Amino acid sequence: MAQASPEPVCTIPAADLLRFAAGDSRGAARRRILEHVLAGCARCRQSLDALRELRTDAAAGATPAEPESPSIAHILAGLGERAARIDRERREASAQLDDFARHPTARQWTLVRNSHRFDTWSFCAGLLDFAFEAMYDDPRRSRELAEMAHEIAERLDSGPYGERLVVDLRGRAWGHLGNARRALGDLPAAAEALARARECLEAGTGDPLDEAELLYYEASLLRGERRLDEALRRVRRSIRLYHELGDGHLEGRSRLNEGSILGVRGDTLAALSTVRRALELVDRERDPHLALAARHNLVWLLMESGRHEEALAVLGTFRDEYARLGDLSSRRRLEWLEARLLELAGREEEAAAAFRCVLDGLTAAELPYEAAMASLDFALLEIRRGRVDEVRRLASETLVLFRSLGVAREAIAAWLVFQQAAETEAVTVALVERLARYYAEARLRPGLPFEG
Amino acid sequence: MRPTSVGLDADDLTSRLERLEPEIRRMLVRFGIPVQDAEDLLHDTLIVYLTKRDSIAAPNPWLLATLRNHCLVYWRRRRRSLIEALDAGLLEEVAGGVCGGQEGTDLARDLSSAVSHLPDRCRSILRLRYGLDCAGPEIAERLGYRPDAIRQATLRCLSALSRQLLSVGYDREVS
């Protein structure tokens, strides 16, 4: 590598440099500075550049002929061509997305990787919308779509859009990816993605909706990490932003998240009131899955606070929605909720059948932590009914599931504690509750040891 | 997830901006954005709006909030470039006392004045860094900062200095 030539020693006093920049230098002093700058003093040159820029701006601001405020008509006139191009791109992307959705996943990856015809802002934004919609029923699919969008966003040419708009899009792709990773329990990878999203946001256009969305995702991650005070601060900032922006639906979504955080913190009454407020705001037409999740959470919180009769009554008002929306995860959530409610209502046979149904569904969906938690709920019922054989069977079945899915050895070790207790008929309510708390945590933090 | 359709043709945008015009003007005046730059900021805001309009449920508050953010970013970037200019050369001379307070140059006077208005601790940092050419760890040790915090502290001081400069009219539209 070539050696850089040494910087000339700077002997120019600041005052002389300032006089020079202001055009007040004369004769020999002026020549001396010129020669010095031309000799390559980077420091003086940078200072002069900065001063010139500021002076030019000041002069422009002082010109009497300048209008006092911007001409909106003039700005609009300059937007026409750009607006038409954006509209054209949006229409094309809409058709491309319809076509893209028909292909199997492997083919979609091939298209994303090999065909640059999808490299547009609108197509990428559309993929992110798909990714969000997939979150309710299939977080793995959601992650995959976010990865595709991310791949396009990273290579998108900023020329037609401007660098900062493209950076916004990259930030959104990282945000969705982080949220999907969180939902799948990979919290460290989620944190990394959300940190990248934050970097992009700071270099982007300053769109407050992007900021609010990222705060929402960060709050969800912090909730998963059980950093609940930080989670509350983030989600409340998100709520304020959405409120200021007049987007009641998304404000409701953030309030629902706040309700979940309060619920995890054990503040059930505050969580109930927050979820009720969220329900008033969420727009069922805009996101029916979110509206269902809000009502589901309300019923769950009513049940947790001991108001199971009211919970059953409220559930009856929207039970059909689960079938109408047709996604498996919603139905599994309903079955679990109903099993718990039936048990609380003293309808033990029906509750046992419902728990069996929940377990079958969770096993088929390969959701071991959820299956463990449902098994424990079921075990509590069977212990009360004195059915020790059933408790033993539950313990064995779940262990098989854990082993077949390669669950973290800490989670298996915890389950062995339960199995051993089941074998010796030593299962207690206290042990089951501790294990239930453990699996709720371990689902989000694989490798977490069971403290016993 | 998308909000219900936000009608947007040229007339829609025009009438929307006409309604918002008084608030837009007030905001640009409040932030002291020069006219030419104000047009650029508004133009950029509208481009973002056109590109993202499918996800914007309530355009008017969004437009105002985004324009406000653009104004904030505008000043943050201007301040940063002033800080860089200060950091590159001028401050060294002034804080080091080589030629601070020179007559006949508004900027030099403003710099001296701005430095003198800074809190003692800030002046100490700047004098050590630019006047005595101390490195970060040495400044941290002499002033009792954590070594990893001194860079941020120095940036804060430079930022305070640039605000002082701007507020005394070094560059009137940068106030």
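So, how far apart are the end C-alpha atoms of helix α4 of chain A, and what should its 30 residues span? At 1.5 Å a residue, α4(A), residues 72–101, should span 44 Å, and its end C-alpha atoms are 41 Å apart, which agrees. The expected span here is 1.5 Å times one less than the number of residues, and helices are DSSP runs of H or I, at least four residues, numbered from the N terminus.

Quick housekeeping. This is a predicted model, where local features need pLDDT of at least 70 and side-chain atom pairs count only at pLDDT 80 or more, while totals for chains, interfaces and linings use all residues. Residues are numbered from 1 along each chain, chains are lettered from A, and side-chain values use heavy atoms, with hydrogens and water left out.

Back to α4(A). It bends by about 45 degrees at G80(A), the bend being the angle between axes fitted to the seven residues ending there and the seven starting there. Its buried residues (under 20% relative accessible area, 1.4 Å probe, protein chains only; exposed is over 50%, partly exposed in between) include I72(A), L79(A), R90(A) and F100(A).

D87(A) sits in this helix too, and at 24% relative accessibility it counts as partly exposed. Its side chain makes a 3.1 Å polar contact with that of R90(A); that's N or O atoms within 3.5 Å, one able to donate a hydrogen and the other to accept it, with sequence neighbours counted only if both atoms are side-chain atoms.

Now α15(A), residues 308–325: 25 Å end to end by C-alpha, close to the 26 Å expected. This helix bends by about 55 degrees at T317(A), and F318(A) is among its buried residues.

Methods
Helix = DSSP H or I, 4+ residues; strand = E, 2+ residues; numbered from the N terminus.
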